[in-house]
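Please keep the structure in view while reading.

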Amino acid sequence: MESKQAFKEIRDGQIRPMYICFGTESYRMNEFAERLAATVAEPEHRDMAIVRFDTAEHSLDAILEEAETMPFLVPSKLVLVRDSVLFGSAKESAKTEHRPERLLEYMRRPFETTVLVFMVPHDKLDERKKTSKAAKQDGIVVNFSPLGPDELLQWVSGRAAKQGRTLDRQAAEELIRRAGTEMGALSADTDKLCLHAGEGGTVTAASVAELVPAGVEQSVFKLTEEIASLRTDKAIALYHDLLRRREEPIKLTALLVRQFRNMLYVKELGKQGYSPQQMAGQLGMHPYGVKVTAEQAKAFSIERLTALLGGLAELDYEMKTGRVDKTLGLELWLLRTGSGAGMKV
């Protein structure tokens, strides 16, 4: 099931005795565990009601023994297990021994007063394993894949709305451009902006620009936009700002290479009929990052991207071998991009 459905079931009081959570969106997965914890036990009883394990350090027998033990002074308990072995593709540690058949037995008859949750920080389960197959058949698998672009924007606006503030789409887009797509950082910055806006206030794109500094990767996104638009003066100004923040020119060159290469990949995958979600899986990117990259790529021809990547590869070699001063070398490369050769019109 998708994470939305799992959250809704908790809100409706429909808690299952067991969940297998997987995905790369760790913030949402941890939030799900917190919601379960809040439902299972009052804050003052958390220490007695919540037990944590890791299959890299604890045997399955120990985990299930705890799951099959009656809770102490509370009506039910939550057993959280971080796992990459039983449902993921990691190899079993020499210091721990697991008997999957024991887990299969438990899955057929889960303990009534225990909610057992396996948290697998991988983009997919190892479906070759009997445990994964049984979990899918039982409908207890919850997918915590990254939110799509529109879902992420709605999530940011929704978080502000819960605090009695208004944060419109333009402000949400500016926030994601500056803070990135990591939901932990987004939640912290959203809360900060809401505090600044005050009760019943509005978070504007201008206040986001004022209060949320852009991360280095987000600045490189902006740098490629200036290159695409032939705004060489703004590209140089942004580069100088990054230097004042003590960013290394070699690191910035590597980030530019990655962004231009992703543009090339997005163009090619788009021609093959891939959806943005499929592209995200292929490239290991967040869907929102794919959306921004695809929009930027429209301003470049494949020939232009190939030429830019060739120039950056040559620059990288010259900087690392000392043939050119690295700070000056990247600035000269940015100046040369102002010619616009090969740019789509």
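## Fold and basis

The protein chain has 17 helices and seven strands. Both are DSSP runs, numbered from the N terminus: helices are H or I with at least four residues, strands E with at least two.

The model is predicted: local features need pLDDT of at least 70, side-chain atom pairs count only at pLDDT 80 or more, and totals for chains, interfaces and linings use all residues. Residues are numbered from 1 along each chain as its sequence is written, and side-chain values use heavy atoms, without hydrogens and water.

## Overall form

Along the principal axes, the C-alpha atoms fill a box of roughly 70 × 50 × 40 Å. The chain has 345 residues, and 46% count as buried (under 20% relative accessible area, 1.4 Å probe, protein chains only).

Residues 24 or more positions apart account for 77% of them.

## The largest nonpolar core

A nonpolar core is a set of buried Ala, Val, Leu, Ile, Met, Phe, Trp, Tyr and Cys residues joined through side-chain atoms within 4.5 Å. The largest has 28 residues; Leu256, Phe260, Phe300 and Trp333 touch the most other members. Helices H11 (216–228), H12 (232–244), H13 (249–271), H16 (302–320) and H17 (326–336) each supply at least two residues. H13 gives the largest share, seven residues.

Leaving out residues up to four places away in sequence, Trp333 touches Ile227, Leu256, Phe260, Leu308, Gly311, Leu312 and Leu315.

## A separate core

Notes
Buried < 20%, exposed > 50% of the residue type's maximum accessible area, 1.4 Å probe, protein only. Contact = heavy atoms within 4.5 Å.
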